[in-house]
Amino acid sequence: MKNTTGIHHITAIVGHPQENADFYTKSLGLRLIKKTVNFDDPHTYHLYFGDQQANPGTIITFFPWVEAEQGKIGGGQVGVTSFAVPANSLSYWEKRLAEKGVPLTRTVRFSEQVLQFSDPHGLKLELVERSYDNSHSWSESDVDPAYAISGFAGATLYSTNPEATVETLTETMGLKKLGEEDRVLRLKTNGDLASIIDIPLDPVMAGEMGVGTVHHIAWRADDDADHLKWHEHVSANAYQVTDIKDRNYFKALYFREYGNILFEIATDTPGFTVDESLEALGESLKLPEPLEKDRENLERILPPIVQD
Ligand code: ZN
């Protein structure tokens with residue numbers, strides 16, 4: 001039996017990279033921790049945002065596709081991405097985001113205070129009051145550190161086959177059932193941060209990939225040795241799993257679970273300081289070695305991202 005400690009990262013498709021970077025750094029107070037390209041499509045960016053130290057469990061990443069069509073949020077996707085903020089901080093966030101013109105909805109789920117909104121490209125997000133350590137929040141953000149995001153609270157998965165998705169999460173990924181409310185099942189991983197997964201128990205109509213939708217959710221593995229065990233474990237559970245891919249900052253494998261959501265398993269090691277210092281994270285365009293020869297061309301094609 002294997003179990004993951006939680007979400008490693010969540011990757012979504014959005015529109016213009018400048019609007020993307022501005023929202024996640026200036027509105028939400030996350031740090032741009034890596035500016036690289038999509039290794040499978042190097043003419044487009046892959047941007048990573050997280051806490052000061054780029055810790056797994058805090059990392060939301062984006063493929064900004066400037067000319068892509070708007071997608072449709074639905075079954076086979078992460079429907080909502082949730083960030084954790086300290087207790088009694090939602091009034092601060094309500095005021096902050098309202099001042100920036102973000103439409104907001106306040107609600108309560110499983111007795112927790114929740115603030116729901118969308119990013120500029122339609123991606124569904126929420127802030128959940130849940131007390132985790134947030135001392136690693138980005139020090140250069142103007143968000144009051146007392147209220148800063150700790151990392152992911154978790155996510156709500158929209159499944160075309162919830163029963164099958166729940167089975168994958170409990171039998172293959174090692175999550176435990178916590179409870180049910182209003183036809184939503186709550187599950188938890190073995191860790192604390194980025195550990196709570198909610199699943200509506202009624203199937204959700206299939207979504208369409210495009211701007212404003214999540215591409216995949218990645219779960220944590222410790223290191224390369226643990227990742228090999230995960231590869232074996234997932235294959236043994238009859239999923240078509242990809243080969244192990246080197247993503248420079250982590251090793252990755254992918255499989256689509258039977259509710260149609262793309263799952264990745266990613267290692268905590270070697271991490272985001274493998275090609276730049278902690279202080280300089282996100283400042284310059286980083287390329288995997290085989291793409292260095294195209295740097296000049298890529299820097300001309302990719303729209304500049306201004307961080308001020
Ligand atoms: Zn990924």
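In which strand is the place of Glu129? Glu129 belongs to strand β8, residues 124-129; strands (E, at least two residues) and helices (H or I, at least four) are DSSP runs, numbered from the N terminus. This is a predicted model, in which local features need pLDDT of at least 70 and side-chain atom pairs count only at pLDDT 80 or more, while totals for chains, interfaces and linings use all residues. Residues are numbered from 1 along each chain as its sequence is written, and side-chain values use heavy atoms, with hydrogens and water left out.

- Glu129 is buried but has no salt bridge. Buried means under 20% relative accessible area, exposed over 50%, and partly exposed in between (1.4 Å probe, protein chains only). A salt bridge is a side-chain nitrogen of Lys or Arg within 4 Å of a carboxyl oxygen of Asp or Glu.
- The nearest side chain of opposite charge to Glu129 is Arg106, 4.5 Å away. Here Lys and Arg count as positive and Asp and Glu as negative, whereas His and the chain ends are not counted.
- The backbone nitrogen of Leu90 is reached by the Glu129 side chain at 3.0 Å.
- When neighbours within four places in sequence are left aside, the residues in contact with Glu129 include Val85, Pro86, Glu112 and Gln113. Contact means heavy atoms within 4.5 Å.

**Salt bridges**

- The count of salt bridges comes to 18.
- Asp198 forms a salt bridge with Arg186, their closest N and O atoms being 2.8 Å apart. The pair links distant parts of the chain, with Asp198 in strand β12 (residues 196-200) and Arg186 in strand β11 (residues 184-188), twelve residues apart. Asp198 and Arg186 are both buried.
- Lys26 and Asp22 meet through their side chains in a salt bridge (3.6 Å, N to O). Both residues lie in helix α1 (residues 17-27), four residues apart, or about one turn of the helix. An α-helix has 3.6 residues a turn, so residues three or four places apart point the same way.
- Lys26 is partly exposed, with a relative accessible area of 34%, and Asp22 is also partly exposed, at 25%.
- Glu292 and Arg295 form a salt bridge with closest N and O atoms 2.8 Å apart. Salt bridges that share partners join Arg109, Glu112, Glu126, Arg130, Arg186 and Asp198 into one network.

**Interior**

- Eight of the eleven residues of helix α3 (residues 162-172) are buried, so the helix is largely enclosed by the rest of the structure. Among these buried residues are Pro162, Val166 and Leu169.
- Helix α3 is followed by Gly174, whose phi is positive, near 85 degrees.
- The largest nonpolar core has 62 residues, and Leu28 and Leu169 are among those that touch the most other members. A nonpolar core is a set of buried Ala, Val, Leu, Ile, Met, Phe, Trp, Tyr and Cys residues joined through side-chain atoms within 4.5 Å.
- A second, separate core of 13 residues includes Ile33, Ala54, Ile59 and Leu281.

Terms used. Polar contact = N/O pair within 3.5 Å; in protein donor to acceptor, adjacent residues only side chain to side chain.
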